[in-house]
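Dear colleague,

Please find below the structure that I am handing over to you. My notes on it follow directly after.

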Amino acid sequence: MITINNTYKSRNNNNDKSFKGSELLITKGFDGLTKAADLFIKSQENLSSTRFIQDTATNWAPKAIFSRSKADFAEMSFLEFLESGIFYFASPLLGEKLFRNKIFKNISPKTIKNKVNEQIPKTVADITKNNTITEEVKKRAISSKAGIILACAAIPVAEYTLSFAKNLFTLKTFKKSNFNSIANLDKGKNEKEDKKQQEKVEKNSKKQLKKAAIISATGIAAGITLAAVGHKSDKLQTLSKAIINPGNAVSKVINKAGIHSQRTDNVLSKLSLDFANNNGKLALSKGQLALTAILGLFGYSKAAEDRGRLDVAEVWTRVPLVVFYTIFGGELFEKGFHKILLSKNKFPDILKKNSKGVLEIPKREELPKLAQKIAATKNTQCTKELSRLTKEKAFITAVPYAFSLLFMGFTLSAITRLWTQYRYNKQMNDKVKADFVTFAKSQNTPEIYKKFEL
């Protein structure tokens, strides 16, 4: 597990006026390479808007380079920008600003609504153990938290239906529903569009979008209802906890059935739909990310069925790897890379374990205080130490990022497109052979059709 080291936030605040703020330090005394390294670190640790731009570019640029037609480029861009918007803005905008602070906050009585609202970002365990609040506040906070999760069902639902919206966008903009033509697999021959297929794509896309709207509205209504009455019933409290942490609920059912496994319980405990707590604000959690990404995969596949089997094949060649990497791969690669560096005792000031054996990596804003401490110990210049720490942190951040860009971006995009083209060419060759065999049979020339029969 990787945690952020907060050791240096509260120390030595007045020891060196020049180190009062990291921004002041960064603008003075750094060479061009260090400034570039710092800007890169900042982009990795900054607000959603910065990460949105960066990660969208990482995913979008390789696909843009390998785009196969105007329609392919347009629908890929449509997907990438809206998908990144869902991942980076949906939870803070819907969960935090709209549902938590505008709607659900006002469901509780005025006398306790602020106390209830303060508890929502915390875990169920922390809320339950809090002895400074009443039982009513605890129960309302838990049911409100579950209600917000239900209301935010709109987020994974939107990810699922995004591919259908993309199909409709391409159909209306380019008058195309044939994947072979959209992906330019026919090399400009512009295969004739099937009107029945176009009608099917339009009808199913609109059907899925309407269904998504109904599910989202139902989720919001159910969430508001649960937040309003969930504190009145033990059964509703149990339901609320199951919504927040479905893995724990499943674990309890398994244990009641007489099946006891600590390893299974540990795995199930990670299946949580609770929000991440970002300094007291609701943010997208790993469990929510997993649910959204997996639903997105099946949305991609289902929408692809309307446009042909080659579209489905391309989805299942690329998207499962992207989903796995999104949920697990990035962290696994990062941990593996850090483990190698630790074993070789590289960057000990940046990579080190605490007394509990947990790896601690200081944030960018903590580097000046760390540099100041090291400089005092070594009797060196603070700016020199900060420059070194900045470059080291940039390196351990850049390698996993470069892997994501090169492999998950360029390499996977290129392989996917080449593999789809190969499938199309083989399909066309098989069709030509099949047509020839059919013709030969009709002409009663067995010695010819047996030679070419598939």
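Which hand does the crossing of H7 and H11 have? The crossing of H7 and H11 is left-handed, a term used when the near helix is turned anticlockwise from the far one by less than a right angle, clockwise being right-handed.

Before the details, a note on the source. This is a predicted model, in which local features need pLDDT of at least 70 and side-chain atom pairs count only at pLDDT 80 or more, while totals for chains, interfaces and linings use all residues. Residues are numbered from 1 along each chain as its sequence is written, and side-chain values use heavy atoms, with hydrogens and water left out.

Helix packing

Helices are DSSP runs (H or I, at least four residues), numbered from the N terminus. The axes of H7 (residues 135-151) and H11 (residues 234-244) come within 9 Å and cross at roughly 50°; such axes are lines fitted to C-alpha atoms over the stretch in contact, with angles from 0 to 180 degrees between N-to-C directions. H7 and H11 are therefore oblique to each other (under 35 degrees is roughly parallel, over 145 roughly antiparallel, 65 to 115 roughly perpendicular, and the rest oblique).

Salt bridges

Counting a side-chain nitrogen of Lys or Arg within 4 Å of a carboxyl oxygen of Asp or Glu, the model has 16 salt bridges. One of them joins Glu-80 and Lys-63 (2.4 Å, N to O). Glu-80 belongs to helix H4 (residues 70-103) and Lys-63 to helix H3 (residues 48-65), so the pair ties together parts that are 17 residues apart in sequence. Glu-80 is buried at 5% relative accessibility, and Lys-63 is buried at 11% (buried is under 20% relative accessible area, exposed over 50%, partly exposed in between, with a 1.4 Å probe and protein chains only).

Another salt bridge links Glu-392 and Arg-388 (3.1 Å, N to O). These two residues are four apart in helix H17 (residues 382-442), or about one helical turn. Glu-392 is buried, at 13%, whereas Arg-388 is partly exposed, at 25%. Salt bridges with shared partners join Asp-349, Glu-385, Arg-388 and Glu-392 into one network.

Surface patch

Ile-294, Phe-298 and Trp-316 form a nonpolar surface patch with about 290 Å² of accessible area together. Patch members have over 30% relative accessible area and no salt bridge, with nonpolar side chains (Val, Leu, Ile, Met, Phe, Trp, Tyr) joined within 5 Å and like charges within 9 Å; areas come from the Shrake-Rupley method with a 1.4 Å probe. Trp-316 lies in helix H15 (residues 309-343) and is partly exposed, at 39%.

With kind regards
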